[in-house]
Amino acid sequence: MAGKTRKSPSDDPLAPVTLAVGQEDLLLDRAVREVVDAARAADADTDVRELAPADLRPGTLAELTSPSLFAERKVVVVRDAHDLAADTVKDVKAYLASPAEEITLVLVHAGGAKGKGLLDAARKAGAREVACPKMTKPADRQAFVRAEFRAAGRSATPEACQALVEILGSDLRELAGACGQLVADVEGTIDEAVVARYYSGRAEASSFTIADRAVEGRLPEALEALRWSLSTGVAPVLVTSALAQGVRGIGKLLSPPRGMRPGDLARELGMPPWKIDRVRQQARGWSADGVSAALRAVAEADAAVKGGGDDPEYALEKAVMTVARAARSR
């Protein structure tokens with residue numbers, strides 16, 4: 001079913017190894033969250049470690065997965081596993097042959113030719129696999145929207161689902177956030193008129209304007225756009241989604257694969273070709289540390305606007321300020 005990840009026959013989130021494969025960021029994040037939530041349901045004190053390829057050196061994985069004196073449960077998430085260095089890949093393959101008890105390893109892999117040896121090794125070892133393919137067709141995204149409403153126990157007309165996709169575009173985070181906002185604010189069946197009232201002509205433009213100004217380091221303009229958006233009723237979750245997408249795009253362009261033609265690079269990074277040059281220009285003042293700091297700030301703001309904080313508007317302003325400062329971190 002579109003909107004739900006396809007899983008291997010072993011459907012236990014606490015399987016020793018989970019392989020999240022694809023380039024749809026929202027589905028990859030949900031696959032990781034499902035494992036973390038299951039681990040914390042089994043043990044509230046579960047230790048969760050999220051690592052980028054640069055964080056893993058020979059011996060790091062062995063250290064993280066060594067038996068604990070207190071036998072604590074642990075989840076180790078390796079992001080962008082397709083970018084791991086050869087020596088680290090050897091460590092991971094060795095671990096796959098004999099995974100540790102009380103440890104759940106999650107490998108997040110783009111699924112392409114890059115790093116295919118690790119992908120094949122994980123599959124051969126019997127890893128639980130969650131497919132997170134990019135949704136490129138409008139029909140798939142409409143099915144995703146319908147599934148989001150069904151999962152929330154709500155009814156939406158086909159016209160409403162189609163309108164959301166047409167208004168908000170291809171980003172699943174935008175679509176999921178819109179569904180959540182409509183479910184929270186609207187009683188009864190969600191129809192096209194409700195969608196138009198909430199989002200038509202303003203949500204996409206205003207949220208992405210905020211993100212563009214922030215990642216370009218244009219703080220006064222970003223804050224002005226934010227205040228205008230909030231005053232006109234744009235859902236805060238759409239703003240955090242746009243900020244996250246903007247910062248992730250910067251991160252992808254900081255270290256792109258070399259020697260690729262523009263069209264191939266666009267496919268590798270999961271961006272339309274027209275966006276590559278635009279994001280490349282936005283990335284000029286950024287550093288890897290700046291991307292990390294900005295992503296943390298956006299994640300904190302996202303939690304706040306979804307009920308984890310007392311002042312969502314302040315959380316958004318703080319995130320925009322952090323992103324704009326990070327744009328000048330190089």
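At what angle do the axes of helix α1 and helix α7 cross? The axes of α1 (residues 25-42) and α7 (residues 172-185) cross at roughly 70° and come within 8 Å.

## Basis

This is a predicted model, in which local features need pLDDT of at least 70, side-chain atom pairs count only at pLDDT 80 or more, and totals for chains, interfaces and linings use all residues. Residues are numbered from 1 along each chain as its sequence is written, and side-chain values use heavy atoms, with hydrogens and water left out.

Axes are lines fitted to C-alpha atoms, for helices over the stretch in contact, and angles run from 0 to 180 degrees between N-to-C directions. Helices (H or I, at least four residues) and strands (E, at least two) are DSSP runs, numbered from the N terminus.

From α1, Asp25, Leu26, Leu27, Asp29 and Arg30 meet Leu172, Arg173 and Ala176 of α7. Contact means heavy atoms within 4.5 Å. The residues of this contact divide into 4 nonpolar, no polar and 4 charged.

## Strand β2 and its partners

Strand β2 covers residues 17-22. Of its 6 residues, 6 are buried (under 20% relative accessible area; exposed is over 50%, partly exposed in between; 1.4 Å probe, protein chains only). Val17, Leu19 and Val21 point one way, while Thr18, Ala20 and Gly22 point the other way. In a regular strand the side chains alternate between the two faces of the sheet.

β2 pairs in the parallel sense with β6 over 5 bridges. It also pairs in the parallel sense with β5 (residues 103-109), over 5 bridges. Two strands pair if DSSP finds at least two bridges between them. Val21 stands opposite Ala131 in β6, and Leu19 stands opposite Leu107 in β5.

## Strand β6

Strand β6 (residues 128-132) is mostly covered, with 5 of its 5 residues buried. Arg128, Val130 and Cys132 point one way, and Glu129 and Ala131 the other way.

## Nonpolar cores

The largest nonpolar core has 77 residues, and Leu164 and Trp286 touch the most other members. A core is a set of buried Ala, Val, Leu, Ile, Met, Phe, Trp, Tyr and Cys residues joined through side-chain atoms within 4.5 Å. Helix α11 (residues 236-254) gives the largest share, 9 residues. Another core, of 22 residues, lies apart from it, with Val17, Ala81, Ala122 and Ala127 among them.

Terms used
Ala, Val, Leu, Ile, Met, Phe, Trp, Tyr, Cys and Pro count as nonpolar, Asp, Glu, Lys and Arg as charged, and the others, Gly among them, as polar.
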